[in-house]
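Keep the model open as you read.

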Amino acid sequence: MLSIGFVALACVCVCLCICATGWQSWKIRAALGAGLLSLVSVAYGLDYFRLARHDSGRLDVVRSVTEGGLKLARDDDYVSSGKCQACHPSEYASWRRTYHRTMTQLALPENVRSDFAESTINSQGIEYRIWREGDKFWAEMPDPDRMMLAVQGGKDIALDSIERVKRQVVMVTGSHHYQTFWVRSARFATVLQTLPLVHLPDRDQWIPREDAFLQPPGSERMITQWNTHCIKCHSTGGVPGIEGPQTVRTEVGELGIACEACHGPAGQHVAANQSPIRRYGLHLTGASDPTITNPAKLDNEKSSEVCGQCHGLFTAASEQAGLRYSQKGYSFRPGGDLSSERYYINFPTANSSAEERRNFRENRQFFKNSWWDDGTILVGGREFSALQSVLCFTQGDMSCLSCHSMHHSSPEDQLKPGMRGSAACVQCHDGQDYTSNVAEHTHHAPDSSGSNCLNCHMPHTTYALFRGVRNHTISSPSMAATVNSGTPTACNLCHLDRTLEWTQSHLTEWYGHGELPLSEEQRTVAASLLWLVSGNAAQRVVVAWHFGWREAQQTSGTGWAPPFLAQSLLDPYGAVRHVAYNSLRSISGFESVQFDFLGDAEVRSEAAAKVGEIWSRNPPQVDPSRRDALLIGDSGHVDASRYEQLRANRDESPVRIAE
């Protein structure tokens with residue numbers, strides 16, 4: 001490649017100059033370094049333009065998006081990530097591997113994970129047909145504009161009577177856990193309407209969008225627009241551009257979460273650093289560049305606010321701020337004042353303001369769908385909101401960047417190397433109780449999962465994307481939180497086969513916790529089964545995921561679990577059924593069980609019966625001292641009467657987790 005030749009030529013020139021002059025003068029070193037950087041920059045620039053030429057051959061999809069007026073670049077100081085690659089190749093490469101980059105992409109073959117084989121998906125009685133023609137993806141669907149008016153506008157329109165239309169799929173959101181898709185509106189300028197389906201890559205399954213979230217059966221349809229909803233957190237520098245009912249002039253700095261989302265618009269930075277002498281001078285002196293923001297050089301609050309742009313629960317700080325955003329986008333830039341235009345919603349505490357307490361009283365269901373009743377965050381993707389109650393953050397120096405990085409980290413969760421265990425905590429908590437004498441603190445073997453700080457202080461009690469997620473409301477196991485607020489305690493999410501009475505006795509013995517009165521079931525039935533059978537939908541989905549969690553399986557065994565997961569295949573919440581099925585498949589002997597979590601009641605019952613039949617043929621040998629807690633009778637089978645008694649007391653209060 002031509003660029004490689006340029007780099008090689010640069011290196012040869014430098015070597016020859018060193019031999020001729022000696023490597024003595026710093027001026028010579030600076031000049032040679034500047035020359036080398038210039039040639040390397042030219043090389044990377046040539047690569048960039050070559051890639052641009054390649055992409056120009058795919059402009060048919062770009063035109064499909066932009067002909068209606070949607071701008072994929074802004075006219076102001078945003079320049080896009082392509083301008084960063086030449087000078088920051090390593091950071092650019094590590095960012096490109098992240099799922100942040102692929103939050104939103106054009107619907108090109110390399111970005112769409114489904115093969116779009118022709119098929120028909122039924123969504124609450126409405127059919128959507130999808131197919132592929134060459135490099136283009138299509139859908140036949142009820143007119144999405146009419147659907148928007150019917151569902152969002154409250155129009156009295158029979159949904160099954162809406163005219164069917166053919167629309168090209170032009171954009172995709174998501175790339176890892178699942179993908180959803182967008183088509184152009186025919187009536188509303190630059191609006192991108194939802195194709196209300198979700199594709200699950202791990203199972204190659206299409207599902208209605210409503211069924212990708214934890215929400216009560218029969219919930220309203222999720223008909224939305226990318227311009228007014230997803231643009232906030234799935235693009236860089238997004239401007240909805242809503243100027244009136246029929247006038248929408250949407251533009252973005254870049255699709256997905258790109259360099260300028262974290263570092264700020266880079267126009268001035270690029271212009272100032274056209275000079276290689278300036279670049280090399282900054283590199284030699286280690287001086288900060290005032291034309292760009294480096295989150296790593298901000299304090300813990302300001303650096304975390306960079307992530308909090310998306311990873312928080314917020315609303316507009318005022319009516320004026322909301323109107324300004326809808327027309328011109330957010331004015332916040334990394335390092336600036338995030339609160340100037342956004343009001344971040346916090347779970348009330350003893351120190352909360354009167355306004356915060358009033359918001360809590362007036363929006364009780366919203367808080368129930370976002371936090372556990374003790375203030376532990378429930379909904380995934382809201383880690384910045386969780387940090388607002390963490391002393392390590394509010395009174396210490398911890399930030400998002402203490403454990404996470406956009407560069408040179410795991411694309412799965414952006415964790416830095418070594419941050420999956422106690423190393424994340426002993427960066428600060430480096431006393432002997434947490435390092436050399438850890439067993440004295442944890443009362444578990446030093447190399448066991450019970451001595452991993454995160455399992456006790458950041459358990460997976462947050463839910464998103466069909467899985468449990470570590471909550472970032474860093475706290476200690478508490479019986480009060482479990483008994484009074486229903487928050488599953490970390491102890492029983494690992495020790496699935498133990499009762500709350502067992503847990504309370506250990507917390508009292510080891511840490512001096514006071515004892516709380518427990519019900520008969522809390523004293524005699526494994527807590528995991530109480531939550532799975534009698535709990536609300538949030539408890540059921542979180543504990544169902546833990547039945548498939550490796551650490552819990554190693555601690556509690558798996559042989560006794562299948563009949564209870566089988567009953568969860570009948571749960572009224574589709575997400576609970578899906579999570580329970582995934583956990584069931586992780587248990588030896590049940591890997592090949594087939595189940596469609598969106599199948600009708602008869603299909604679900606047949607699958608549950610099949611699991612029960614497999615289990616009954618070879619029931620496990622369960623420690624007699626634990627049978628009672630696991631609802632297993634002396635015969636080795638499930639005590640149906642006790643199970644049904646728990647099932648009759650299930651908490652049926654509605655839960656809707658809006659990820």
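Start with helix α6, residues 226-234, whose buried residues are W226, N227, C230 and I231. Buried here means under 20% relative accessible area, with exposed over 50% and partly exposed in between, using a 1.4 Å probe and protein chains only. Look down the axis of α6 and those buried residues fall within an arc of 115°, so they line one face of the helix; the arc is taken from the directions from the helix axis to the C-beta atoms. Helices are DSSP runs (H or I, at least four residues), numbered from the N terminus.

A quick word on ground rules: this is a predicted model, where local features need pLDDT of at least 70, side-chain atom pairs count only at pLDDT 80 or more, and totals for chains, interfaces and linings use all residues. Residues are numbered from 1 along each chain as its sequence is written, and side-chain values use heavy atoms, with hydrogens and water left out.

Now jump to helix α23 (residues 527-534) and helix α24 (residues 537-546), which pack at an angle of about 130° with their axes 7 Å apart. The axes are lines fitted to C-alpha atoms over the stretch in contact, and angles run from 0 to 180 degrees between N-to-C directions. That makes α23 oblique to α24, oblique being what's left after under 35 degrees (roughly parallel), over 145 (roughly antiparallel) and 65 to 115 (roughly perpendicular). On the α23 side, S528, W531 and L532 meet Q539, R540, V543 and A544 of α24, with contact meaning heavy atoms within 4.5 Å.

Last, the cysteines: there are zero disulfides, a disulfide being a pair of cysteine sulfur atoms within 2.5 Å. For C400, the nearest cysteine sulfur, that of C307, is 3.9 Å away.

How values were computed:
Helices (H or I, at least four residues) and strands (E, at least two) are DSSP runs, numbered from the N terminus.
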